[in-house]
Amino acid sequence: MYSAFFFDMDGVLFNSMPNHAKAWDAVMRRHGLNFSAYDTYINEGRTGKSIINECYFRVHGTDAPDEIWQQIYKEKSEMFEQLGAAGPIDGISDLLYWLRDKYQPTPQIWIVTGSGQHTLFARLSKFFPGVFTRERMITAADVTHGKPDPEPYLKAWERSGCTKDECCVIENAPLGVRSAVGAGLHCMAVNTGILSREDLNKEHPDLVFDNMQQLLDYLKNGG
Ligand code: MG
């Protein structure tokens, strides 16, 4: 039994990864670079600067000058914005409300994300009213090192007051799993995107699920 669940955001709460992939693909092409949808999913969690530098290096043999990576990142962010807000991941609401209302004893529900959006809490309240609280959020503003560093999940664990064994991370990205495993926490990976199970298994989560319904069934059966 867990006393706290730590939810990642992109690809776990919201289906935002397809739009990230579209935006990266279009903008990288515009700059003569190449970044496939698979690249977007496997690199989820890395900073824009490091993603752009790697792509740039493949073509030019050197890191991107500051003005270039900043320009690419600006265009990518603008296009992502234009694509509009993504809706919730299939099955996530059922899982969240089941944890809130049926799981005993009632667990803490946290969000642990590298996002720094000011509108984040408003968005969470709109899509999942009554689930998240401002106190149970770890965002970009709370950490020095983002995922895949363990810091974000270590911070959530410390603030929860629970033992590590009582905490369960829900992640969709290999680098997010690495962060959770590095923090010494249980981690359930849900493959909501286009990666293979093996891409996730390589980072050693406790279990890998194909969708939220499978994870919900597992928890209902006392997992
Ligand atoms: Mg994610």
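Residues are numbered from 1 along each chain as its sequence is written. In this predicted model local features need pLDDT of at least 70 and side-chain atom pairs pLDDT 80 or more, while totals for chains, interfaces and linings use all residues, and side-chain values use heavy atoms, without hydrogens and water.

Biologist: Which residues coordinate the magnesium ion?

Modeller: Donors are N, O and S atoms within 2.8 Å of the metal (3.2 Å for Na, K and Ca), and since water is not among the atoms, sites may look incomplete. At 2.0 to 2.2 Å, the magnesium ion is coordinated by Asp 8 (OD), Asp 10 (O), Glu 44 (OE) and Asn 172 (OD1).

Biologist: Is Asn 172 buried or exposed?

Modeller: Buried means under 20% relative accessible area, exposed over 50%, and partly exposed in between, with a 1.4 Å probe and protein chains only. Asn 172 has a relative accessible area of 5%, so the residue counts as buried.

Biologist: How are the rings of Tyr 2 and Phe 5 arranged as a pair?

Modeller: Rings of Phe, Tyr and Trp (its six-membered ring) pair if their centres lie within 6.5 Å, and planes under 30 degrees apart count as stacked, over 60 as edge-to-face and the rest as tilted. Because the centres of Tyr 2 and Phe 5 are 5.6 Å apart and their planes lie at 70°, the pair is edge-to-face.

Biologist: Which residues form one aromatic cluster?

Modeller: Trp 98 and Tyr 103 also form an edge-to-face pair, with 5.8 Å from centre to centre and 80° between the planes. The one cluster is formed by Tyr 2, Phe 5, Trp 98 and Tyr 103.
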